[in-house]
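Below is a short note on a set of protein chains, written for someone new to reading structures. Please keep the model open while going through the points.

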Amino acid sequence: MVDPVHHLIGLTPPITVALAFALPLLSLIVKSRRFAEVYGVSATAIAAILTAIAFYYVYLVKSPVVYTFGAWPPPVGIVYEVDKFNGLLGLVVGVVFLLVAVYSIEYLKHRSGIEWYYTLLIGMEAGMLGVLYTGDVFNLFVMLEVTSVTAYGLVAFYRSRKESIEAALKYAIVGSVATTIYFIALAIIYGSYATLNMAQIAFKTMSKVDYFFYLIGGDRLWITYTPMIAVGGAAALALALWAFSVKAAIFPNHFWLPDAHPAAPSPISAILSGLLVKVGVYAIARFLYTLFHAAQPEVLVDSALKYVVEATLYALIVLGALSALIAGILMVAQSDIKRLIAYSTIMHIGYIAMGLGLATKLGLEAAIYHTINHAVAKALLFLAAGAFIHVVGTRNIDELSGVGRLMPITTLTFIIAAFSLVGLPPFNGFVSKYLLYMAFIEKGWAPLTAIIVISSSFALIAYVKIIYGVWLKAPVKELKGIKDPSPIITIPLLILAFACVFLGIASPYILDKVITPSVVDLAYNPLNYVSEALKILTQALGG
Amino acid sequence: MVLNEVLSIIVNAFVIPGLIFIAITTWLTQWFYRKIYARMQNRIGPRFIGPRGILQPIADFLKLLFKEDITTIVAREKEPIIMLSLAVGSLIALLSMLPISPYPLYAENDIILAIYLTLWPPIALILLGFMAPNPFTAIGTSRYMTLLIVCEPIWLLSILVPVVLTTRTGIAPAYSLFSASMNVASLWSNPLAVIPLILALYSIILAFQCKLMLRPFDIPEAETEIVAGPFTEYSGPKLAFITLLHDVEIVVYSLLIVWLFLGGPAPFTLTSIQGILTLIVKYLVIVFLVTWIKASTARLRIEQAVVFMIKYVLPVSIIAIILATIIPI
Amino acid sequence: MNVLIVMIKLTVIMILVALSLYSTYIYVRKHRGIIKAKYKFQPYGCGEELTREQVSVGSRGLYWSVVSKVFNKLYMILREKIHTGVLGDWFSLMIIFLVVIVIVLIALSLIGVFG
């Protein structure tokens, strides 16, 4: 008997998809703006509750949770497999989406087409949760496409602006090339490993036995293992990681980001920078650490794959360092407030990639904690910048001068977010950067910490530029009638600012109870991930 | 138990190495370097207040503190003091991680925490410069930020050198400012370890000079050129706090170098008279060195300074940290 | 002791010290009345009158001119060669990267298999 909570967890993405597609139909009947807004907020609230249930369940009851669609066992049907790692990221996605949906009510109140906006927003949440929760590499492709297509649409939401359309087109072309390349990788994976289930692939990279044949035929039906499978694995890993690095905007695949993120409405920029790039990071981590066991290369059955995985890790460190440095240098040169913040996203993704490339426990903790901290702080930064833009109506830092003096709450939250991303203690960004430094020093690569310092100091002066621009500078023109926006905007800002401080102050507890278990689930306990899925297969076969 | 914790925090914050200790040290240090700086320039220096002018720094501070507080119509009124107080607080917090504190706060891997605490004063100075909008403050502050980009990585790498070296000898807690300061003295007898230590000492003293805007890196506040750089608009109590922060920075960073590189009171212990005397002598040597460089050099241009740091200091610190990670101990 | 607990203690120390210094300032301010002389509160301009527009610096002229003098070559390469904004240029870079990573990883696995 399956625990009913499993249904709730497994059905989170499908429920969200259904909610998304019901909205246009319902808005044909109820032609009210208020209805679309209430519907959007309640749908994201439902998704947030479901992700919270999943988080609670995997942390306190049982991990991982495997949900089989239509009760078809793993290699035949699609499974969703939630462990502590994706359960945690799912919770972050749910909460940030809820806050953004609330914020959007006020931010877009003068725009038409709000029902389409919320349709795409909920659709993107469904896609993201699908990418996170899925236990099937092909389903990951589908959900990645759902996320990406809704994202292209939302970037082009201001359809009367030239730069939005241009950015959306560029983003769409680059993004669809990436997903196509990932599709080729899927073909190679299926050709090499004869399965698309993540747990089974993870098992096959560990042992020469095919679990499925092993179950039905005892020890009679071993598959003939050829070493050339390793070559297929290498090709698949190369193509898939390239595709994910486009989604995650790691150098040299980051070009689309500084165009796409500023062109979208500010709440969407918050989601794109805070969460969407993290989906790419999640996929990289899942492929490298769960499917190809990068943290413990000794369990890999094939020595050929060991070289491949190690080379990939080095490449991640080098590319992450380059991302951080290049984004840092270009960040200071920007005079568009949102473009500057978008470059900072590339920099922080560089840090996360460096943490992932280290393949030590500390490095992974740093990467995962930084993923969450950056999601919170960057969402806050974009939403606060959006509040300035909403009130004044321009994105140019020079034209915003002195506005911050009249908007104290927005300015305070903006400064908290900026200090958190620069990494000042006791904010959350400091804790994860600290872990990253220690991971480098512990591995004996202390000179590389200079890269983090240099890029952080670039980031510091870039943020000081905004703080100077919006808060400290003398107002150039008379500012009349400018004040903090309504609580619909400021309450999400204050919640996120509180989260920034809380994730910093409570970090000893959070690291111990939340981050470390998720690292263990991601990288150090492959048998657990595999056996939960394959147990269902055994039961289905009556074994 | 809780009482003990509270007591340790209060002692750290207000007695040693807190406000009382820092006030006395800052006062004497300022007198010392003003005196020797004057001698190097063929002047006499502070003279009238107290024996040999020893009370002059206090008199200056009090005079500034009780002067009129002028804030221009475009400037911020109280935020500069908040930032300056936080910066002084961060430096005292840094001192309470050193063995000089009776209740030192330390843990494994706390070195990055110490380095990030030293980031507060530059941030305070940058925001301070921008809080009083003026063409001179803008030029000065932007120069200071440019210097920081090259000076921060050097600062980090050179501080890491003794910490990495002492940790490799196997002491616990690892990568801690406290344990590194307690054990660095034994490294000076190892000829292989001396090389990275000397290279790091060279680069940290130049980074010190750069962080504190002392000549030849006084480009941000270049007196004859842009009035007083970031501090152009400040007078009265705010200027008093600025000089306080500047002197506290000199004291804290000199103490940091003395402990982390020269081993503090080694070869004696801190509880003996000889130990305290050794500590004071080493401290005065560092202050003297800094003042000497300040007195005997001329100001560089900003791009000269950046190129100098990138060409002649950053590579040295990188070589030092690479040596520190690979040499056999 | 956990380093993050040390961080919290240090923050407490920092805030205690900052509070005591700040209250000193507030006390001093209260103690002496503030004289409001209009001419003193204009921004200082070496004897020149400064208008509101002249007081602040635009974000472009802030410090970028200084940095671009030193890192000029690097910045020019970044801006003119890499971040051109032309889709075709990006694609050439991205495809080169894709080809390199595929060839390198497959070569490594072949070395592992046959070597």
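**Notes on the interfaces and on chain A**

1. The contact between chain B and chain C takes 59 residues from chain B and 43 residues from chain C, where contact means heavy atoms within 4.5 Å. This is a predicted model, in which local features need pLDDT of at least 70 and side-chain atom pairs count only at pLDDT 80 or more, while totals for chains, interfaces and linings use all residues; side-chain values use heavy atoms, with hydrogens and water left out. Residues are numbered from 1 along each chain as its sequence is written, and chains are lettered from A and ligands numbered from 1 in the order in which they are written.

2. The size of an interface is often given as the accessible area lost when the parts come together. Chain B and chain C bury about 4600 Å² between them, with 78% of it on carbon and sulfur atoms. Buried area here is the accessible area (1.4 Å probe) that two parts lose on being put together, summed over both.

3. How many salt bridges does the rule find across the interface of chain B and chain C? It finds one, a salt bridge being a side-chain nitrogen of Lys or Arg within 4 Å of a carboxyl oxygen of Asp or Glu. The partners are B:Glu5 and C:Lys9, whose closest N and O atoms are 2.7 Å apart. There is also one residue pair in polar contact between chain B and chain C, both at pLDDT 80 or more. A polar contact is a pair of N or O atoms within 3.5 Å; within protein, one must be able to donate a hydrogen and the other to accept it, and residues adjacent in sequence count only if both atoms are side-chain atoms.

4. On the side of chain B that touches chain C, the largest share, nine residues, comes from H4(B). Helices (H or I, at least four residues) and strands (E, at least two) are DSSP runs, numbered from the N terminus. By class, this side has 36 nonpolar, 12 polar and 11 charged residues. Ala, Val, Leu, Ile, Met, Phe, Trp, Tyr, Cys and Pro count as nonpolar, Asp, Glu, Lys and Arg as charged, and the others, Gly among them, as polar.

5. Chain B also meets chain A: 29 residues of chain B are in contact with 32 residues of chain A. The area buried between chain B and chain A is about 2900 Å², and carbon and sulfur atoms give 82% of it. Zero salt bridges are counted between chain B and chain A, along with two residue pairs in polar contact (both at pLDDT 80 or more). H7(B) gives the most to the side of chain B that touches chain A, with nine residues. That side has 23 nonpolar, two polar and four charged residues.

6. Chain A has 21 helices and two strands. Of its 543 residues, 70% count as buried, meaning under 20% relative accessible area, with exposed over 50% and partly exposed in between (1.4 Å probe, protein chains only).

7. A:Phe414 lies in helix H16 (residues 408–422) of chain A and is buried, with a relative accessible area of 2%. Not counting residues up to four places away in sequence, A:Phe414 touches A:Leu381, A:Ala384, A:Ala385, A:Phe388, A:Ile466 and A:Ile467. A:Phe414 and A:Ile467 are 53 residues apart in sequence and 8.3 Å apart in space, C-alpha to C-alpha.
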